[in-house]
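I opened a notebook for this structure and went through it topic by topic. The entries below keep the order in which I looked things up.

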Amino acid sequence: MTTPAERLPTALARRIALAAQGFAGPRPAGGVGTRQLRGTAERLAVVQIDSVNVLSRSHYLPYFSRLGVYDRTALDALSARRHDLFEYWAHEASFLPVRLQPHLRWRMAAAEQHAWGNMVAIQQDRPGYVAEVLDRVRDGGPLKASELLEPRPDRPGSMWNWHAGKVALEWLFYTGVLTARRRTAGFERVYDLTERVLPAAVVHTPTPDRDEAFRELVRTAARALGVATETDLRDYFRLPPADTRTAIAELADVGELQPVEVAGWGRPAWVHPQARRPRWIRARALLSPFDSLVWERPRVERIFDFRYRLEIYTPAEKRVHGYYVLPFLLGDRLVARVDLKADRKAGVLRVQAAHAERGVETAEVAAELAAELRSMADWMALEHVEVAGRGDLAPDLAAVVR
């Protein structure tokens, strides 16, 4: 018998989503340690990695957004020393709890179906080269792509301008034979055999069958999202549509997902049965463009009525809000957005533009945003916050910051 769908007001769905993402409670008052970092990593399950460093490496920001000031070296240790986290392609390149590694082996096993053009070319032009690179790691230990003396192809402006050694290492990484032991100060992966990096208990965990793997990934996504459509659940780990639909149906049949109709969404949705339903949210946070709360832009519009686009690759003269723009969460709404840059040499957190959403009280938003910017500057060891004149919120913000 099909369970009738519960009707959820839009505001309640928004609060459920925020609670699931870790914004329902106050930040830790007694300092942030490994336990809080590990708990946030488990709650989110996927923390996207991005190389842009105009403000901060993106994977550091979700922890600051939820926990406040913390020691970034403690987070680094969760992957590089403790190996509670590992790197793999989930939403995009991501850090994930190691318990999920067995549930992503189907993707590693299916790598041949998604071979990149330059990988195919290497296999054709240099048979045995990938095996040679693997032997070098096996016999010589951890290896960086920069240590392989291969000529870089002449493809100016391409972010995938990889030489043959980098392609081979990334292929072995995608197939799960290698993983990242750590990152260098310059954010370069250091590759090693997976069995030498991940805990033995994880390495020796039997590979679940495909159906169980998808159920666990959808189950994990549902916990992280709180309330979600099929597209939302699929997007969290970038899962194939048919497998996701099957997993949703199976989880719904046993009560691990409950059907809901969210006012204004116009499509079926599911809520995790253990999702919190807070009466209010009193959050204050700046969000990375790659934060799991905002990375799926249609979901952001449904939940927050907030149209958000990443303009990093937009020519400067055509940008509306700026280069590295962070939404500002206040209470349960996204009320503003700021284009931020860390000028490390000058010791300044630069607000290059600040825009308010329609209908907000700009003086209140400016005061709260100024406090959050000061906290971010302290976390990043920057002495000052400086506001440029761009954007309708900038004058109020500059007045408060001064």
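Before the entries, one term: I take a helix to be a DSSP run of H or I of at least four residues, and helices are numbered from the N terminus. The model is a predicted one.

**Entry: helix α8**

I began with helix α8, residues 164-174. How many of its residues are buried? I found eleven of the eleven buried, so the helix is largely enclosed by the rest of the structure. The buried residues of α8 include the charged K166 and E170, and W171, F173 and Y174 are also among them. After α8 comes G176, and I noted that its phi is positive, near 85°.

**Entry: cavities**

A search of the whole structure gave two cavities of 30 Å³ or more. The largest cavity holds about 50 Å³ of space. I listed its lining as F86, E87, Y88, Q101, M108, F173, G176, L178, T179, T194 and L198.

Which elements give two or more residues to the lining of the largest cavity? They are β3 (85-89) and β5 (178-183). The largest share, three residues, comes from β3. By class I counted six nonpolar, four polar and one charged residue in this lining.

The second largest cavity holds about 40 Å³. Its lining is made of L225, D232, D235, Y236, S292, L293, V294, W295, E296 and R299. Helix α12 (residues 230-236) gives the largest share, three residues. The classes here are five nonpolar, one polar and four charged.

**Entry: aromatic rings**

I then turned to the rings. A pair of aromatic rings is described by the distance of the centres and the angle of the planes. The count for this model is ten aromatic pairs. In one of them, Y236 and F237 have ring centres 5.8 Å apart and planes at 70°, so the pair is edge-to-face; the cut-off for that class is over 60 degrees. Y236 and F237 are both buried, and Y236 also lines the second largest cavity.

I checked F306 and Y308 as well. Their ring centres are 6.0 Å apart and their planes stand at 50°, so I put this pair down as tilted. Are these two residues buried or exposed? F306 counts as buried at 1% relative accessibility, and Y308 is buried with a relative accessible area of 1%. I also noted a cluster, in which ring pairs link Y63, F64, Y70 and W379.

R72 has its charged end over the ring of Y60, 5.9 Å from the ring centre. R302 has its charged end over the ring of W265, 4.8 Å from the centre.

β5 pairs with strand β6 (residues 189-193) in the antiparallel sense, over five bridges. One position I looked up was R182, which stands opposite V190 in β6. The hairpin of β5 and β6 has five residues between the strands, and in it F187 takes a positive phi near 75°.

β3 belongs to an open sheet of three strands, in the order β2-β4-β3, with antiparallel pairing. Which strands stand at the edges? They are β2 (47-48) and β3, each with a single partner strand, so one side of each is left without a neighbour in the sheet. β2 and strand β4 (residues 93-97) are joined by two bridges. At one of these places, Q48 has S94 in β4 as its bridge partner.

**Entry: positive phi**

Most residues other than glycine have a negative phi. D305 is not a glycine, yet its phi is positive, about 55°. D305 lies in the loop between α14 (297-304) and β11 (325-331), and at 57% relative accessibility it counts as exposed.

A381 is another residue other than glycine with a positive phi, near 60°. Its place is in the loop between α15 (362-379) and β14 (384-387). A381 counts as exposed at 66% relative accessibility.

Methods:
Residues are numbered from 1 along each chain as its sequence is written. This is a predicted model: local features need pLDDT of at least 70, side-chain atom pairs count only at pLDDT 80 or more; totals for chains, interfaces and linings use all residues. Side-chain values use heavy atoms; hydrogens and water are left out. Rings of Phe, Tyr and Trp (its six-membered ring) pair if their centres lie within 6.5 Å; planes under 30 degrees apart count as stacked, over 60 as edge-to-face and the rest as tilted. Buried means under 20% relative accessible area, exposed over 50%, partly exposed in between (1.4 Å probe, protein chains only). A charge sits over a ring if NZ of Lys or CZ of Arg is within 6 Å of the ring centre and within 35 degrees of the ring normal. On a 1 Å grid over the protein atoms alone, a cavity is a set of points where a 1.4 Å probe fits but cannot get out, and a pocket is an open set with protein on both sides within 12 Å along at least five of seven lines; lining residues have an atom within 4 Å of a point. Grid points are joined across faces, edges and corners, and a volume is the space filled by probe spheres set on the points. Two strands pair if DSSP finds at least two bridges between them.
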